[in-house]
Amino acid sequence: MPSALINVPKKAKRGDVIEIKTLMSHIMETGYRHTASGDVVPRDIITSFTCRFNGAEVFRADLYPAIAANPFITFFTTVTESGKFEFEWSGDKGFSETAQASITVE
Amino acid sequence: MVIVRPADATPAMLQTAIRNVVGEANVRTGKVKLDIPPLVENGNTVPMTVSVTSPMTADEYVKSIHVFNEKNPQPNIGNFYLGPRAGRAQVSTRIRLADSQKVTAIARLSDDTFWSATADVVVTLAACTEEAI
């Protein structure tokens, strides 16, 4: 089962720049490996990651096979109000996962 | 100001990948900091941080960061899209390197100028692209 690890501070002051760490479990099969019989192992990667805050996109990434297995991405954002972060990963073979995290801004 | 075309003397695929992002614009070195270990044992997971010097205000911010490599089967590693509200132009991830090679990070600023940094990485155990599983 795919699972996400999200690290978002629970609380922040208005205007703070916070760090968000995300990890999604995924094999990130490159499509460049072969089985012992010589068949190519088909590519199976996450191609896109998006983070939204209260519905507005704050960060997005295009991923390629050169991203290591279990993609770990950290980035920053400025918080101005309390709300909810929504994370979305999508990729090959119909992969689609979401996660959420809330923050209280004082 | 020094104007550098970072794609020079690197494989054509890398040059094409960079041109697909920057178009005809000049890519200058500077503003971008690429933190990656100079020597890694395991190319399957190499920590990497790209940071860009920018005030990150509504008028002056980093639009995107693009990371490329020289010798993997594909020249692209990742594209990261930021905006003024990022507050700090920095992203970290873990990448795969199939060989000892150069890694290049290019940042697109809000004025549509491009800045880059390049680092050499020596990989002792390459990410497995050929071995049978």
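Two strands pair if DSSP finds at least two bridges between them. Strands (E, at least two residues) and helices (H or I, at least four) are DSSP runs, numbered from the N terminus. In this predicted model, strand 6 of chain A pairs with strand 7 (residues 90-95) of chain B. The pairing is antiparallel and runs over 2 bridges.

Reading the model

- This is a predicted model, where local features need pLDDT of at least 70, side-chain atom pairs count only at pLDDT 80 or more, and totals for chains, interfaces and linings use all residues.
- Residues are numbered from 1 along each chain as its sequence is written, while chains are lettered from A and ligands numbered from 1 in the order in which they are written.

Where the chains meet

- 27 residues of chain A are in contact with 29 residues of chain B (C-beta atoms, placed from the backbone, within 7 Å).
- On chain A, strand 5 (56-63) and strand 6 (72-78) each supply at least two residues of the side that touches chain B.
- Strand 6 of chain A gives the largest share of that side, 7 residues.
- That side of chain A holds 18 nonpolar, 6 polar and 3 charged residues.
- Nonpolar means Ala, Val, Leu, Ile, Met, Phe, Trp, Tyr, Cys and Pro; charged means Asp, Glu, Lys and Arg; the others, Gly among them, are polar.
- Thr74(A) has Ser92(B), in strand 7 of chain B, as its bridge partner.

Chain B itself

- Chain B has 1 helix and 9 strands.
- Its pattern along the sequence is α-β-β-β-β-β-β-β-β-β.
- Of the 133 residues in chain B, 46% are buried (20 or more other C-beta atoms within 10 Å of the residue's own, placed from the backbone).

Technical notes
Contact = placed C-beta atoms within 7 Å. Buried ≥ 20, exposed ≤ 12 C-beta atoms within 10 Å, placed from the backbone.
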